[in-house]
Amino acid sequence: GTILTYSNGTTVTPSSINPYLGGLSGDTFQENAKFGNKIFQQLLCITGGVWDYKIIEFQLNPDCTVSITRVIDCPSLPYSGGTTDKYSNVQCAKDANTLIGMKTTGQVWFEVDVSTNTASITELFSGYGGGDSVYIPASNTIVNMNNSIPQRIEHIDMNGTLIHHVDLSSL
């Protein structure tokens, strides 16, 4: 599938990124996050039959083009075939070097430090189903679209305290 489309119609696809991955196959693109002129695209690669996460950092240029800035290794984002220790779903960016995500199982929220070319994880809190999320810097909180049943929009602080929610079934 297409990752990005330039204003002139040119597209960035998995095959156009593969040369930057050092021979890895990268055709499973997952969540993305944006901060300023940076876009972070989570990528699931396979090396010798083992799945591994990478994060591709793109830069939005002033002339409306996009360039690949770097490929970040994510050894602490292991894809383990659906076992309970699987991290995934980078949801949003807190700043230019910190992404926020959620573990698929256990609903554990975490920060991903991408200040170097090897990411590291810090767990934050548990609870609240994952969905699209936005970090709000002025209040150091997250607004999350919880895709559990019933679906709801949640406002959560960085300690995991639910500040407010709206059940979508009531709308």
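Two strands are counted as paired if DSSP finds at least two bridges between them, and strands themselves are DSSP runs (E, at least two residues), numbered from the N terminus, as are helices (H or I, at least four). The structure is a predicted model, in which local features need pLDDT of at least 70 and side-chain atom pairs count only at pLDDT 80 or more, whereas totals for chains, interfaces and linings use all residues. Residues are numbered from 1 along each chain as its sequence is written, and side-chain values use heavy atoms, with hydrogens and water left out.

By these criteria the protein chain contains one helix and 14 strands. Of its 171 residues, 39% are buried, where buried means under 20% relative accessible area, exposed over 50% and partly exposed in between (1.4 Å probe, protein chains only). The accessible surface of the protein chain is about 8,400 Å², and carbon and sulfur atoms account for 52% of this area. Accessible areas were computed by the Shrake-Rupley method with a 1.4 Å probe; for residues, only the protein chains shown count as cover. Contacts (heavy atoms within 4.5 Å) between residues at least 6 apart in sequence were also examined, and 29% of them join residues at least 24 apart.

S9 and S10 form a hairpin with six residues between them. Five of the six residues of S9 are buried, so this strand is largely enclosed by the rest of the structure.

The charged pairs were examined next. Side chains of opposite charge can pair when their charged atoms come close. A salt bridge is defined here as a side-chain nitrogen of Lys or Arg within 4 Å of a carboxyl oxygen of Asp or Glu, and four are counted by this rule. One of them is formed by Lys94 and Glu111, whose closest N and O atoms are 2.8 Å apart. With a relative accessible area of 23%, Lys94 is partly exposed, whereas Glu111 is buried at 16%.

Lys38, Glu57 and Arg70 are linked in a network of salt bridges. The side chains of Glu57 and Lys38 meet at 3.9 Å, N to O. This pair links distant parts of the chain, with Glu57 in strand S5 (residues 50-60) and Lys38 in strand S4 (residues 38-47), 19 residues apart. Both Glu57 and Lys38 are buried. Glu57 also forms a salt bridge with Arg70, with the closest N and O atoms 2.9 Å apart. Because Glu57 lies in strand S5 and Arg70 in strand S6, the pair ties together parts that are 13 residues apart in sequence.

Arg70 lies in strand S6 (residues 66-73) and counts as buried, with a relative accessibility of 16%. Its side chain makes a polar contact with the side chain of Asn117 at 3.1 Å. A polar contact is a pair of N or O atoms within 3.5 Å; within protein, one must be able to donate a hydrogen and the other to accept it, and residues adjacent in sequence count only if both atoms are side-chain atoms. The side chain of Arg70 also reaches the backbone oxygen of Val114, at 2.4 Å. When residues up to four places away in sequence are not counted, Arg70 touches several residues, including Ile55, Ile56, Asn97, Ser115 and Thr116.

Strands S11, S12, S13 and S14 form an open sheet of four strands in the order S11-S12-S13-S14, with antiparallel pairing. Strand S11 (133-136) and S14 stand at the edges, each with a single partner strand, so one side of each is left without a neighbour in the sheet. Strand S12 (residues 141-146) is joined to S13 by six bridges, and Met145 has Ile153 of S13 as its bridge partner. Five bridges join S13 (residues 152-157) to S14 (residues 162-167), with His155 partnered by His164 of S14. S13 and S14 form a hairpin with four residues between them, and Gly160 in the turn has a positive phi of about 95°.
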